[in-house]
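Please look over the sequence and the structure below before reading on. The briefing moves from the chain as a whole to some of its parts.

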Amino acid sequence: RFLNSSSDSISPSPTSFVSCLKNCKSLHQLKQIHARVFRFGLEQHENVLNKLVAFCADPSRGDLCHAERVFDYAKDPSLFVYNIVIKALARSGESGKAVSVFHKLRLRGMSPDNFTYPYVLKAIGCLGDLDEGEKVHGYVVKSGLEFDAYVCNSIMDMYAEFCRPANMKRVFDKMPERDVVSWNVMISGHVRCRMFDDAVSIFKRMLVESNTMPDEATVVSTLSACTALKLLEHGMEIHDYVNKELICTSIISNALLDMYSKCGHLGVARKIFDEMPTKNVICWTSMISGYVNCGQLDEARDLFDRSPVQDIVMWTAMINGYVQFNRFDEAIDLFRDLQVRRIKPDKFTTVALLTGCAQCGALEQGKWIHGYIDENGIQLDAVVGTALIDMYAKCGHIDKALDIFYRLKIHDTASWTAIICGLAMNGRTGEALNLFIGMRDHGFKPDDVTFIGVLSACSHGGLVKEGRQLFSLMTKTYGIEPKVEHYGCMIDLLGRVGLLDEAEKLIEKVPNESNEIAIPLYGSLLSACRLHGNINMAERVAERLVKMEFNDSSIHTLLANIYASANRWEDVAMVRSKMEDLGIKKSPGCSSIEVNGIIREFIVGDPSCPEMHDICFMLDKMMD
C-alpha cells in the first residue's frame with residue numbers, strides 16, 4: 001500500500017522494501033519500487049541492493065541491462081551482488097563483461113568464493129583465453145579453494161574447452177573427493193577433445209575407484225565415445241548397466257540408438273526406436289542415418305516420409321545418403337521438395353549436393369546449386385568453398401575453381417588440398433606444386449590427401465626427383481604413414497618413366513605387405529611392364545599375383561593381354577580359365593554425359609537405353 005501513497009511522511013524501512021521486492025511480479029512493478037527506493041535514499045542499502053539486482057538478473061522476469069545499471073550505480077556492492085551479475089552475464093553470453101566484473105571485484109580487494117569462480121571460468125572458456133584461464137586458476141590456488149569440488153569441476157570444464165587434457169588430469173588427480181560431476185566432466189572433456197579411448201578408460205576407472213554410480217550424463221558421454229570407436233561390446237555393457245541401474249530416459253535411448261545404428265546393429269537400434277514412448281526429431285534422424293550408413297536407403301526414406309517432424313539435419317542426412325550411394329537424381333528431387341516446403345537449407349545440404357555433382361560430373365547442376373548459394377545468402381566459408389572448388393575441378397573448370405579459392409577470406413587445410421588436387425587432376429602440375437609450397441608458407445599442415453594430390457601431379461608431369469622428395473617429406477617431416485594411394489602414385493610415376501626396378505623395390509618395402517595393398521600396386525607395375533615391354537618383370541609380377549587370391553577383373557585382363565602380346569596363348573587361356581573358375585567377369589565399360597541438367601549413363605552391351613534406336617541410327621549416319 002505504501003507504494004501507492006503519495007504522502008512524503010511515510011518512510012518505509014529497508015525491511016519493507018525487501019519484503020515488497022520478494023513479492024514483486026513484473027519488471028514494471030520493480031521499476032516503481034526502485035523509484036521509491038531512490039526517493040527514500042535506500043538505493044545503497046545492502047539488502048535492498050541485493051534484492052534489486054537479483055530480480056533484474058533473473059532471465060525469466062528481469063532485465064539484465066537494468067541490472068547492469070543498478071550495479072554500476074552501486075557504491076559498495078556486496079560479494080553476493082558481484083556473483084549475481086557475473087553469473088547473469090556469463091549465462092547470457094556476455095563473457096567479456098563477466099570477466100571484467102570479476103577483475104573489478106578483485107581490484108576492490110574482495111575475495112571471490114566458490115560461487116564466483118565457476119561462472120568466471122565458464123566465461124573464460126567461452127572467450128577461449130587460455131592465459132586468462134591459467135591466471136584465474138592461480139587465483140583459485142592462492143585462495144585455498146583448489147580442493148573445492150564445485151570449483152575444481154569448473155576448472156576442468158574450462159580446460160576441456162581449451163582441449164587441454166593434461167591440465168584436466170592434474171586437477172582431477174589432486175582432488176581429495178570427487179563427485180559424479182567430476183567424473184562426468186573428465187569423460188565429456190575427453191570426448192570433446194576427441195580422445196575417445198581415454199574417455200572410455202576413465203569410465204572404466206570410475207566403476208572401480210568411485211563410490212558414486214554413473215548417471216545419465218556419464219552414460220551418454222561414454223556411449224558417444226563408444227560410438228566414435230565402434231566399441232559395440234562396451235556399448236552393450238553400458239546398455240545392460242542402464243537396464244539394471246537407471247531409468248532409460250529419452251536422452252539415454254537416443255544415445256543407445258545412435259550407438260547401435262553407427263555400429264551397424266540396425267535390428268537392435270530399430271527395437272529401441274520402436275519401443276520409445278515418445279520420439280523426438282533426434283531419434284528419427286539417428287535411425288534414418290543408421291539406415292543410410294548401411295546403404296538401406298529405401299528403409300531410410302520410408303522412415304523419413306513417416307517422421308512427424310523433419311528438420312534440416314534430417315533432410316541433409318537423407319540427401320547425403322542418396323549422394324553417397326550414387327542416387328544423385330533422387331538427391332536433387334528431394335532437394336526440390338525441400339524448397340517447395342519452404343525449408344531453408346543450410347551449408348551442409350548444399351555441400352552434400354555439390355559432392356554429388358563432383359562425383360558424376362554434373363556441371364550444370366553444380367552451377368545451379370552455386371547460384372542458389374549466392375541468391376540465398378549462404379556464406380562462402382571454407383566448407384562451402386571447398387565443395388565448390390572440388391566440384392568445378394572435377395567437372396574440368398579448374399579456372400573457376402581457382403577463382404573461388406582466391407575469393408575465400410579464410411582458408412583451411414581442406415580448401416588448400418582441394419585446389420591442389422584439382423590442379424593435379426587437370427594436368428596443371430607446376431601450379432599444383434607452387435600452391436603446395438604456398439600452403440606450407442602460410443603455416444598450413446598438409447595431410448595425407450594433400451600428398452596424394454601433389455604426388456599425383458608429379459606422376460602426371462613425370463617429375464621423378466620432386467616425387468621422391470615429396471614422398472620423403474611426407475614420411476620423415478610430417479610423419480604420415482603412406483597409404484596404398486601414395487604408393488600407387490609413386491609406382492605410377494616410376495612406371496611411366498621406365499624406372500621399373502625402383503618401382504618393384506618400393507613395393508617390396510611396403511610394411512606389413514598384404515594382398516589388399518600389394519595387388520593394386522603390382523597391378524600398376526604390371527601395367528608399366530606392358531607399356532615398356534618388360535616381359536621378364538611382367539612374368540615375375542604375374543607369378544606373385546597368381547599366388548594371391550584376387551577378384552579384380554582389370555588385373556586378370558591386363559595379365560592376359562601381356563601374355564597375348566608375348567604370344568603365350570596357353571598362359572592367356574590359363575588366366576581366362578581362372579577367371580571363370582572364380583566367377584570373375586570383366587566389368588563392362590561405362591560412360592556418362594550431362595544433357596540439359598540430366599545425367600545420361602551408357603554401359604557397354606546394355607540395350608535398355610530408351611533412345612538406343614535413335615543413337616544407332618545417328619551412328620550409322622555418321623559412319624556413312
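Among the contacts in the chain that join residues at least 6 apart in sequence, 59% are between residues at least 24 apart. This is a predicted model, and its secondary structure comes to 35 helices and two strands.

**The chain as a whole**
- The chain has 624 residues, and buried residues make up 46% of them.

- In soluble globular proteins, nonpolar side chains tend to be buried together.
- The largest nonpolar core of this model holds 179 residues, and the members that touch the most other members are Tyr117, Met391, Ile419 and Leu525.
- The element that gives the most to this core is helix 5, residues 79-91, which supplies nine residues.
- Another core, of eleven residues, lies apart from the largest one, and its members include Leu30, Ile33, Leu52 and Cys56.
- When neighbours within four places in sequence are left aside, Met391 is in contact with Leu354, Cys357, Ala358, Leu363, Gly366 and Lys367.

**Helix 20**
- With 13 residues (328-340) at 1.5 Å a residue, helix 20 should span 18 Å, and this agrees with the 19 Å that separates its end C-alpha atoms.
- The buried residues in helix 20 include Phe328, Ala331, Ile332, Leu334, Phe335 and Leu338.
- Seen down the axis of helix 20, its buried residues fall within an arc of 160°, and therefore they line one face of the helix.
- An α-helix has 3.6 residues a turn, so residues three or four places apart point the same way.
- The cover over the buried residues of helix 20 includes helix 18 (297-306), helix 19 (312-324), helix 21 (347-360) and helix 22 (363-375).
- After helix 20 comes Arg342, which has a positive phi, near 60°.

- His190 belongs to helix 11, which runs over residues 180-192.
- Is His190 buried or exposed? Its relative accessible area is 6%, and because buried means under 20%, His190 counts as buried.
- A polar atom of the His190 side chain lies 2.8 Å from the backbone oxygen of Met186.
- Not counting residues up to four places away in sequence, His190 touches Pro165, Met168, Met195, Phe196, Asp198, Ala199 and Ile202.

Conventions: Residues numbered from 1 in each chain as written. Predicted model: local features only at pLDDT ≥ 70, side-chain atom pairs only at ≥ 80, totals over all residues. Heavy atoms only, no water. Helix = DSSP H or I, 4+ residues; strand = E, 2+ residues; numbered from the N terminus. Expected span 1.5 Å × (residues − 1). Buried < 20%, exposed > 50% of the residue type's maximum accessible area, 1.4 Å probe, protein only. Arc of directions from axis to C-beta. Contact = heavy atoms within 4.5 Å. Polar contact = N/O pair within 3.5 Å; in protein donor to acceptor, adjacent residues only side chain to side chain. Core = buried A, V, L, I, M, F, W, Y, C linked by side-chain atoms within 4.5 Å.
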